[in-house]
Amino acid sequence: MTATLTAPGKAAADAGTGSTMIGRTPRRQIYLPLGLYLLFTLIPFYWILLFAVRPTGSTSLVPWPITFEHFDKVWTERSFATFFQNSLLVGVVSMVMTTLVALAGGYALARFDFRIKRGFMLALLCSQFIPGALMLVPLFEIFAELRMINSLASVVIAETVFQLPLSMILLSGFIKNVPYVLEEAAWVDGCGRFRAFCAVVLPALRPGLIAVGSFAFVHSWNHFLFALMFLSDQGKQTIPVGLATLMGADSVDLGALAAGGVVAAVPVVIVFAFIQKWLVTGFSAGAVKG
Amino acid sequence: MAQAAAVAKPPPSTAQPPPGKERRRRRGAGASPRRLPYLLIAPAALLMLGFIAYPVISVFYYSLRHYNPTKPWRDGFAGLDNFVTAFTDDPDFWRTLGFSLQWVAVEVVLQLLLGLALALLVNQTFVGRALARALVFSPWAVSGVLTSTIWLLIFNSQTGITRYLADIGIGSYGTSWLSDTGTVFPAVVVAELWRGVPFFAILILADLQSVSKDLYEAAEVDGASRWRQFFHITLPHLKDAIILSTLLRAVWEFNNVDLLYTLTGGGPAGETTTLPLRIASIAVDSHDFGYASALTAIAFVILLFCSLLYLRLSKFGGQDT
């Protein structure tokens, strides 16, 4: 975190090198607002790290010496080890299901013209406006009927379903960008449609699949409401519910809460570091030119 | 901005399958090409029918019934009773609805303005740009509950930011912004901004990549100021992206339950209870599913109406694009 904090300053030192950008903006007009916004972004991250590694009762703003007592506590006493496993399971399975189902549907939307296509597209767009948060009661009933309450399967299904529309629209955009003639050439060479798809489309879809898959993972990892409503056993709960429980306690143990938050952030930070360079290009390549 | 593209400009070249496809059908992965698209969308369609369409219909069905698992003797057809109760006999309905609208308006406007500014800023060429982008976008990936966790640590009365501010003489010790009805709104707004601005910034930055550089060069040659370039080139180009992200975000913020539920629990004194939070608490605490469904149905209609109105007013995807 400290290394990253110094970045704007270091960059400012290099600012002498001229830019060829059209309509140059003076350095000061970039680094000053950027520095302020970086402070707003980074201080909260620093704050949670600080609370997670400094001993209980300390009010020092520099966490030294650091302690791992809070991590020990949340991981074992507060069952975050279990929550972590559950969250990981939900995240990975929803990611795989969302991507596969959306890939099939997205391919159909991109490559075929069929009778209910317009209606189906419209349904996808409309379902963007249907909030999961308002559907808790009927969803609860359905999962009760299916005997899935208190099973991670209910959360996996709910997360997958509510991510499908956007994922499918995004993937069909990415697929449209892969020239159809490439696939046709593969058919001429004797490939079946499926083999042609695997050989030609799939490799070109890599950025799109990474974008859609990681959205799905991050979203399911982060999502709180379905797990809160459909899982009542403590052993079945996920990290966000565990965090909410820590916050809801009568006297909040701030150190444990901060450590729990850091644990919750780790997988997301890893995924984000991995995808962030695709974030902007992924949206523009796959969607905007769709 | 997939939706933008999908609604506004279906590319004619790819919307139709290229001619000659039918002739080369042969080995169509075990299915005839006529049936293949239906097979491919079947899993998605079935999941959405079962877990989105059916629940929506059942919300409207329950909204016309008395339905409370803890009071089964009252269950039955209710006509419009639930709606009448909401509109005439439930001050909390109007209060939470009003707060929801205030919340959405403030959050979306601030997120859009800051997100736009941030996107324009990190679209400039400067040293350290990749790192700066990664850092300012990072809260995008942070969950509502984790955002609550972080801001609870910042706002807590003993070791939060107010303590350190008091140390240097600003404010007083023991202040908790989250439990004071006067400060709780700005406090939660800032917390949600922290996470929400990157969403707009990412989408707008993505759209900025496709502005033709020639336009700026031409404007430069004509001596147009940077402000004029912004208003006559950048903003018109971003129009669709801005409209769509604003709309999606408004719906999303309306239904944002994670952050408020965990950060304030709707308090203090119900000051930060949105309509969805109230619906959840009715369903969870009093198990009055019939009434909760009626409020949900009202929320659906409001969201639908606002979305249509917004698309209409903004002439989304008009001929000019």
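A salt bridge is a side-chain nitrogen of Lys or Arg within 4 Å of a carboxyl oxygen of Asp or Glu.

## Basis of the report

This is a predicted model, in which local features need pLDDT of at least 70 and side-chain atom pairs count only at pLDDT 80 or more, while totals for chains, interfaces and linings use all residues. Residues are numbered from 1 along each chain as its sequence is written, chains are lettered from A in the order in which they are written, and side-chain values use heavy atoms, without hydrogens and water.

## Salt bridges

Over all chains the count is 7 salt bridges. One of them joins B:Arg95 to B:Asp92, with the closest N and O atoms 3.1 Å apart. These two residues stand 3 residues apart in helix H5 (residues 91–122) of chain B, so about one helical turn separates them; helices are DSSP runs of H or I with at least four residues, numbered from the N terminus.

In chain A, A:Lys73 pairs with A:Asp253 at 2.6 Å between the closest N and O atoms.

## Interface of chains A and B

Contact (heavy atoms within 4.5 Å) involves 109 residues of chain A and 106 residues of chain B. Between chain A and chain B there are 0 salt bridges. On the side of chain A that touches chain B, helix H3 (residues 27–53) supplies the largest share, 16 residues.
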